[in-house]
Amino acid sequence: MGSVVFDYDSAPERYRLGTAVARAHSTASLYAEVATRLVSLGARRILDVGCADGPLRSELLAGPLVVGLDAAAAMVCAHPAPAVRADAARLPFVDASFDAVTALNVLYHLADPRLALREARRVLRSGGTLLASAIARDDSPEFARFWRRPGTSFDAEEAPSLVGEVFGCVAVHRWDAPLVTLPDAAAVRDYLLGRQAPPDAAARAAEELRPPVQVTKRGALVIAAVTRA
Ligand SMILES: C[S@@+](CC[C@H](N)C(=O)[O-])C[C@H]1O[C@@H](n2cnc3c(N)ncnc32)[C@H](O)[C@@H]1O
């Protein structure tokens, strides 16, 4: 499995298009769900790995400290402070410095996500929690005849066992439901472009599918706690 193309500095508007379409037409928010879990865990110091421009931070405006970390300069600049530019596989923090680490739709960028998972475990205090999300290989099946997302190094099918290799016991929250409704051809095109589909495939889907198009979202949130002897 490969890792997903890193275009966040060369084409930050592609990521922003994808998040804008998802936000406008989804009935559920991963960021709101993760924020609720972080609050109920009582996390006071949170590291958001692959923070982009701060979708998680904007759900946690009051309360805990959210430190953003991203490999793309364009994203670090767009995230409210504090935010640092760094690699998920080499975190610039001392051991046991966070109550929670989030890695939402980011570990599929690493050829070996276990490097980042080990780093997340290192910077978590004993009892601290990792929350990592992953997209399923058969996500958005309505577009399969136009484009299929290539398999990655951290798809929802393998994410629990990869996290389990580093953390031991994991809990998995899966979703498989029509959570997005695209109202018109432009939204269909932009949804696919936002997911790195080739422009010709996005244009064909926009032309041939009859809106509104309901999109089945499939993925998983993997949750693991640090236990140290
Ligand atoms: C698909 S976006 C997800 C952003 C955000 N977490 C979300 O769910 O919308 C992936 C983010 O991870 C960042 N990223 C990719 N590889 C990374 C790495 N090795 N270390 C840190 N950040 C990385 C990208 O720059 C981008 O901002």
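This short talk goes through helix packing, salt bridges and some backbone features of the structure shown above.

Let me begin with the ground rules: this is a predicted model, in which local features need pLDDT of at least 70 and side-chain atom pairs count only at pLDDT 80 or more, while totals for chains, interfaces and linings use all residues. Residues are numbered from 1 along each chain as its sequence is written, and side-chain values use heavy atoms, with hydrogens and water left out.

I will start with the helices. Two packed helices are described by the angle between their axes and by the distance between the axes. When I speak of helices (H or I, at least four residues) and strands (E, at least two), I mean DSSP runs numbered from the N terminus. The axes are lines fitted to C-alpha atoms, for helices over the stretch in contact, and the angles run from 0 to 180 degrees between N-to-C directions.

Take helix H1, residues 12-25, and helix H6, residues 185-194, which pack at an angle of about 130° with their axes 8 Å apart. H1 and H6 are therefore oblique to each other, given that angles under 35 degrees count as roughly parallel, over 145 as roughly antiparallel, 65 to 115 as roughly perpendicular and the rest as oblique. H1 passes H6 in a left-handed crossing, where left-handed says that the near helix is turned anticlockwise from the far one by less than a right angle, and right-handed that it is turned clockwise. On the H1 side, Arg 14, Leu 17, Gly 18, Val 21 and His 25 meet Ala 187, Asp 190, Tyr 191, Leu 193 and Gly 194 of H6, with contact taken as heavy atoms within 4.5 Å. By class, this contact of H1 with H6 has 5 nonpolar, 3 polar and 2 charged residues; here Ala, Val, Leu, Ile, Met, Phe, Trp, Tyr, Cys and Pro count as nonpolar, Asp, Glu, Lys and Arg as charged, and the others, Gly among them, as polar.

The next pair is H4, residues 113-123, and H5, residues 159-167, and these two helices pack at an angle of about 45° with their axes 9 Å apart. H4 and H5 are therefore also oblique to each other, and H4 passes H5 in a right-handed crossing. From H4, the residues Pro 113, Arg 114, Leu 117, Arg 118, Ala 120 and Arg 121 meet Leu 162, Val 163, Glu 165, Val 166 and Phe 167 in H5. The residues of this contact of H4 with H5 divide into 7 nonpolar, no polar and 4 charged.

Now to the charged pairs. Side chains of opposite charge can pair when their charged atoms come close. How many salt bridges does the structure hold? There are 19, a salt bridge being a side-chain nitrogen of Lys or Arg within 4 Å of a carboxyl oxygen of Asp or Glu.

One of them joins Asp 95 and Arg 122, at 2.8 Å from N to O. This pair links distant parts of the chain, since Asp 95 sits in the loop between strand S3 (83-85) and strand S4 (98-104) whereas Arg 122 belongs to H4, 27 residues apart. Asp 95 is exposed at a relative accessible area of 51%, and Arg 122 is partly exposed at 23%, where buried means under 20% relative accessible area, exposed over 50% and partly exposed in between, with a 1.4 Å probe and protein chains only.

A second salt bridge runs between Arg 218 and Asp 176, whose closest N and O atoms are 3.0 Å apart. Arg 218 lies in strand S7 (residues 213-225) and Asp 176 in strand S6 (residues 171-182), so that this pair, too, links distant parts of the chain, 42 residues apart. Asp 176 counts as exposed, at 52% relative accessibility.

Back in H6, Asp 190, one of the residues that meet H1, forms a salt bridge with Arg 189 at 3.0 Å from N to O. Is Asp 190 buried or exposed? Asp 190 is buried, with a relative accessible area of 15%, while Arg 189 is partly exposed at 37%. Most residues other than glycine have a negative phi, and most peptide bonds are trans. A cis peptide bond joins Ala 81 and Pro 82, with omega about 0°, and Pro 82 is placed in the loop between helix H3 (73-78) and S3. Ala 96, which is found in the loop between S3 and S4, has a positive phi of about 55° although it is not a glycine.
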